[in-house]
Amino acid sequence: MIIIMRPHVTDDEIHGVEAKLKSLGLEANISRGVERTIIGAIGDERKIHKESLQALPGVEDVMRVVKPYKIVAREWHDADTIVDIKGIPLGGKTIQVIGGPCSVETQPQMDLAAQNVAHAGCRLMRGGAFKPRTSPYSFQGKGVEGLKIFRQAADKQNLPIVTELMDVRHLDTFLEYGVEVIQIGTRNMQNFDLLKEVGKTHTPVILKRGLCATISEWLMSAEYIAAGGNHNIILCERGVRSFEKAYRNMLDVTAVPMLKKETHLPVIVDPSHAGGKAWLVPALSKAAIAAGADGLLIEMHPTPCEAWCDADQALAPDELKELMGELQSITQAVGREL
Ligand code: PEP
Ligand code: MN
């Protein structure tokens, strides 16, 4: 941490900062310039609140030197993390496309969806049994019955499942049903109790970006999971809130290379919730892979216009298959495979 003192700072004020740092277990390195005195705090600054120094007499500004996150930071772990999902690698050379409907509706719908996902060439399947809806009067998901339906449908095709956990009280049920990837949705990115609980498991977690979350806030949420011992974390960019109303959210493609620099964790993109329109999904998917994403999370429904949730953005089965074909050349161009 670097503490910049105000002009005309007194010796007492400098000693005050020095004493405070000592009490926090840090050493002070005082550098007196002609105009300013700067104090370098030496030691582990992560546990120190900036505010506790900012408020001291004579202090003008306090700047952190190291990142507030550690386990997920690239600076502490240079190699890319590859998350193993029942033998399917996410984060290596191979791009993974996770396909499936927004929500679990019925057994026939999920059986058909699973067949379509496998037929398109995807190795993982998505589907929400518990749905975070803006309105309490909208369909809330089938709950535990949905998990059962999903499990049955996916097992017939040998597809590991990705499904959203909204409430810590359902975690044991998720583990009972052998959910291979727990999704933490946008609205729960900063539900710290939920993050701590999934951090105690070893189940891979897809952590979606909050509606207005900064990269740093997002990585701090990932750090919560990692700090509990679960390092199987996949970050998912799904568009952020913006001034633009022409599409659902603004896909932050810039976040992909930025995350790749900041963290060793795999990064995937959800073009469906970003664009909010099925016809936007192919272009956004291609942009994501070109930018370095390790995978995609795409909504596909056997009959999109009949979907109980997010009908507008769901690809039809043949559209998903066609997109998988189109993605081949992009993945090759960036030295990856599909
Ligand atoms: C979803 O993937 O089903 C979902 C609700 O997404 P998000 O949390 O990104 O809104
Ligand atoms: Mn959806």
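This briefing describes the overall build, the metal site, the salt bridges and a surface patch of the protein.

The structure is a predicted model, in which local features need pLDDT of at least 70 and side-chain atom pairs count only at pLDDT 80 or more, while totals for chains, interfaces and linings use all residues. Residues are numbered from 1 along each chain as its sequence is written, chains are lettered from A and ligands numbered from 1 in the order in which they are written, and side-chain values use heavy atoms, with hydrogens and water left out.

**Overall build**
- Eleven helices and 14 strands make up the secondary structure; these are DSSP runs numbered from the N terminus (helices H or I, at least four residues; strands E, at least two).
- The protein is divided into domain 1 (2-63) and domain 2 (74-333), with bounds from an automatic or database domain assignment.
- The centres of the two domains, taken over C-alpha atoms, are separated by 44 Å.
- Of the 338 residues, 52% count as buried (buried is under 20% relative accessible area, exposed over 50%, partly exposed in between; 1.4 Å probe, protein chains only).

**Manganese site**
- Cys 102 (SG), His 273 (NE2), Glu 299 (OE) and Asp 310 (OD) coordinate the manganese ion (ligand 2) at 2.0 to 2.4 Å; donors are N, O and S atoms within 2.8 Å of the metal (3.2 Å for Na, K and Ca), and sites may look incomplete because water is not among the atoms.
- The spacing of these donor residues in sequence is C-x170-H-x25-E-x10-D.
- Glu 299 lies in strand 14 (residues 295-299) and Asp 310 in the loop between strand 14 and helix 11 (317-333), so the pair ties together parts that are eleven residues apart in sequence.
- Glu 299 is buried, at 1% relative accessibility.

**Salt bridges**
- The whole structure holds 21 salt bridges (a side-chain nitrogen of Lys or Arg within 4 Å of a carboxyl oxygen of Asp or Glu).
- Glu 45 and Arg 64 pair at 3.9 Å, N to O; Glu 45 is buried at 4% relative accessible area, whereas Arg 64 is partly exposed at 32%.
- In the bridge between Asp 167 and Arg 169, the closest N and O atoms are 2.6 Å apart; Asp 167 is buried at 18% and Arg 169 is exposed at 69%.

**Nonpolar patch**
- Ile 2, Ile 38, Met 63, Val 65 and Val 66 make a nonpolar surface patch of about 360 Å²; patch residues have over 30% relative accessible area and no salt bridge, with nonpolar side chains (Val, Leu, Ile, Met, Phe, Trp, Tyr) joined within 5 Å and like charges within 9 Å.
- Accessible areas come from the Shrake-Rupley method with a 1.4 Å probe, and for residues only the protein chains shown count as cover.
- Val 65, in the loop between strand 4 (59-63) and strand 5 (83-85), is exposed at 55% relative accessible area.
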